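Work through the exercises below with the structure in view. Try each task before you read its solution.

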Amino acid sequence: MPAPYPAGVRLLPNAVTVIALSAGLSSVYFALGERFDLAVFAVGVAALCDALDGRLARLLDASTRIGAELDSLADLVSFGVSPALVLYVWQLQSWQVGSEGRFGWVVALVFTVCMALRLARFNTLLDEEDEYPFAKEFFVGVPAPAAALVAGIPLFVSLHFGEGWWSAPVVVGVWALVAAALMVSRLPTLSFKTVRVAPRLIAPLLVLVGLVVAVLVTAPFLTLAVVATLYVGALPFTIHRYRWLSRHPEAWDVPGRERRAVVRAARPARRLGLRQSLRRRVAGGASEVAGRARGAVAGAVRRLGDDGPPPRRAPGPAAQPPHRLRPGLRRDRDRRL
């Protein structure tokens, strides 16, 4: 069967990856010339190319093993080696222990090693089966481009406001170590690859994108600092969301925009020793779960009101429920009742 695209077109994703590698390494060249604004711009170009090469490979059906390995190596150089060297040339080389600037170089090495470990773990997890169905919505640890963005917050603030306490070598080094720790951590972080936008939100989203681009052109370094700060500030919400989903299997097969209804329906409240009946109006796939739970609770309350507490039954084989539920949902319903 002939290939749907010519060989030259199918080579395009690898070419974009090479551009990302070249742009990331060029940031070191600009940093050595003390053009740190251009160094930040070069890393931004590398991040943009990194976001495009994978999507182009899937669109052109040009995903190859060599392309995946090249992408990992490009990420290591663009978001691990280059940011570490840029920060070292900018401030870390003046972080001295005694008469030599050794500790700043140690920070640069630690950041690069953590980036390599993060990428190696990411490639390993690709071949493993997810523990939860919703795991594809999250990354394990902070991804490589986001880690480079977070580590550069002191540089962004200094390029916009000038030198200050945020540009002290100690502050820059400690913050780089924090970014390195977030990379190799097991914290869940949001993956925007699975985000789906509702049709009614497309127009407002395009307006928001235009606003962000206008602000980025007007105050680029301040915008990058704000975005990186918001990303770090969203980590507690991401952790809470991941833990909530792991405890509520009834929301695993529900689209993301309908999970709010599941949250409202699953709010615990006690009534006669039982959970309060779920709300009537629940969107999407949560309605089936809510209806079953509502019927079971209503029947139990009616029996308690008419006949008093039910007699204790002799142990025996449990009756099968009328509806075929997954084991996790059946245990959850029995525990509620």
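**Exercise 1.** In which helix do Arg65 and Glu69 lie, and how many residues apart are they?

*Solution.* This is a predicted model. Start with the helix: Arg65 and Glu69 both lie in α4, which covers residues 65–90. Now the spacing. The two are four residues apart, about one turn of the helix.

**Exercise 2.** How many salt bridges does the structure hold? Describe the one formed by Arg35.

*Solution.* The structure holds two salt bridges. Arg35 pairs with Asp37, and their closest N and O atoms are 3.6 Å apart. Arg35 has a relative accessible area of 42%, so Arg35 is partly exposed. Asp37 has 30%, so Asp37 is partly exposed too.

**Exercise 3.** Describe how helices α2 and α3 pack.

*Solution.* First, locate them: α2 spans residues 12–32, and α3 spans residues 36–59. Second, take the geometry. Their axes are 8 Å apart, at an angle of about 165°. Third, apply the cut-off: angles over 145 degrees count as roughly antiparallel. Therefore α2 and α3 are roughly antiparallel to each other. Last, sort the contact residues of α2 with α3: 19 are nonpolar, three polar and two charged.

**Exercise 4.** At what angle do the axes of α5 and α6 cross, and which residues of the two helices meet?

*Solution.* Helix α5 is residues 103–125, and helix α6 is residues 144–151. Their axes come within 11 Å and cross at roughly 160°. That makes α5 roughly antiparallel to α6. The crossing of α5 and α6 is right-handed. Now list the partners. From α5 come Phe111, Met115, Arg118 and Leu119; from α6 come Ala144, Ala147 and Ala151. Sorted by type, the residues of this contact are six nonpolar, no polar and one charged.

How values were computed: Residues are numbered from 1 along each chain as its sequence is written. This is a predicted model: local features need pLDDT of at least 70, side-chain atom pairs count only at pLDDT 80 or more; totals for chains, interfaces and linings use all residues. Side-chain values use heavy atoms; hydrogens and water are left out. Axes are lines fitted to C-alpha atoms, for helices over the stretch in contact, and angles run from 0 to 180 degrees between N-to-C directions. Angles under 35 degrees count as roughly parallel, over 145 as roughly antiparallel, 65 to 115 as roughly perpendicular and the rest as oblique. A crossing is left-handed if the near helix is turned anticlockwise from the far one by less than a right angle, and right-handed if clockwise. Contact means heavy atoms within 4.5 Å. Ala, Val, Leu, Ile, Met, Phe, Trp, Tyr, Cys and Pro count as nonpolar, Asp, Glu, Lys and Arg as charged, and the others, Gly among them, as polar. A salt bridge is a side-chain nitrogen of Lys or Arg within 4 Å of a carboxyl oxygen of Asp or Glu. Buried means under 20% relative accessible area, exposed over 50%, partly exposed in between (1.4 Å probe, protein chains only).
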